[in-house]
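Here are some notes to read alongside the model, one topic per point. Have the structure open as you go.

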Amino acid sequence: MKISIGSDHAGFPLKQEVIAHLRGEGHEVVDLGTNNTDPVDYPDYAEAVGKSILDGTVKRAILICGSGVGASVAANKIPGVRAGLCHDGYSAHQGVEHDDMNVLVLGARVIGVALAKELVANYMHASFTNEERHVRRLKKVIAIEERYAKKFSVVSKQ
């Protein structure tokens, strides 16, 4: 599978480990930066990852920052992105299976390399179930996103 990955400076070392793991599993990885541990702003990388989902470059992505919280918040501002911050194996696959999560967010200062690899494997091997209840709920999430995107695009034009 082709997957994009991005991180801020705090997530850079873990990102390098995850990239090696993904490539070792045969995945094609699009690295969207950052390229070292010099301080940068996580929203820039969250946006780059989100854009790679929206433009169809990839169907899934991984985003890493110190806690994972900021990157998750920023990525979820992009319509069509469903980013989930995961620190346990169940959430990493359940987020895809039930919620069609397309961005896995990791906190590099919260989890270690071994757990990150486990979460990535769970995420990469999961598929959306297409069960009626999950489809129904996902449609509701998308409807909320559309309602507020329209509302705020009108407000911002005034």
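1. Let's start with the pocket. Thirteen is the number to look for: 13 residues line the largest pocket, and Asn76, Lys77, Ile78, Pro79 and Glu145 are the ones nearest its centre. A pocket here is an open set of points on a 1 Å grid over the protein atoms alone, with protein on both sides within 12 Å along at least five of seven lines, and lining residues have an atom within 4 Å of a point. The volume of the largest pocket is about 230 Å³, taken as the space filled by probe spheres set on the points, which are joined across faces, edges and corners.

2. A word on the source. This is a predicted model, in which local features need pLDDT of at least 70 and side-chain atom pairs count only at pLDDT 80 or more, while totals for chains, interfaces and linings use all residues. Residues are numbered from 1 along each chain as its sequence is written, and side-chain values use heavy atoms, with hydrogens and water left out.

3. Next, the cavity, meaning a set of grid points where a 1.4 Å probe fits but cannot get out. The structure holds one cavity of 30 Å³ or more. Two helices, α1 (12–24) and α5 (113–125), each give two or more residues to the lining of the largest cavity (helices are DSSP runs of H or I, at least four residues, and strands are runs of E, at least two, numbered from the N terminus). With four residues, α5 gives the most. Among the lining residues are His21, Leu22, Met124 and His125.

4. Now to strand β3 (residues 60–65), where six of the six residues are buried, so the strand is largely enclosed by the rest of the structure. Buried means under 20% relative accessible area, exposed over 50%, and partly exposed in between (1.4 Å probe, protein chains only). Arg60, Ile62 and Ile64 are buried on one side of β3, and Ala61, Leu63 and Cys65 on the other.

5. What does β3 pair with? Strand β1 (residues 2–7) runs parallel to β3 over five bridges, with Ile5 opposite Ile62. Five bridges also join β3 to the parallel strand β5 (residues 103–107), where Val103 is the bridge partner of Ala61. Two strands pair if DSSP finds at least two bridges between them.

6. Finally, the cysteines. The count of disulfides (pairs of cysteine sulfur atoms within 2.5 Å) is zero. Cys65 is in none, and the nearest cysteine sulfur, that of Cys86, is 13 Å away, too far for a bond. Cys65 is buried at 3% relative accessibility, and Cys86 is buried with a relative accessible area of 3%.
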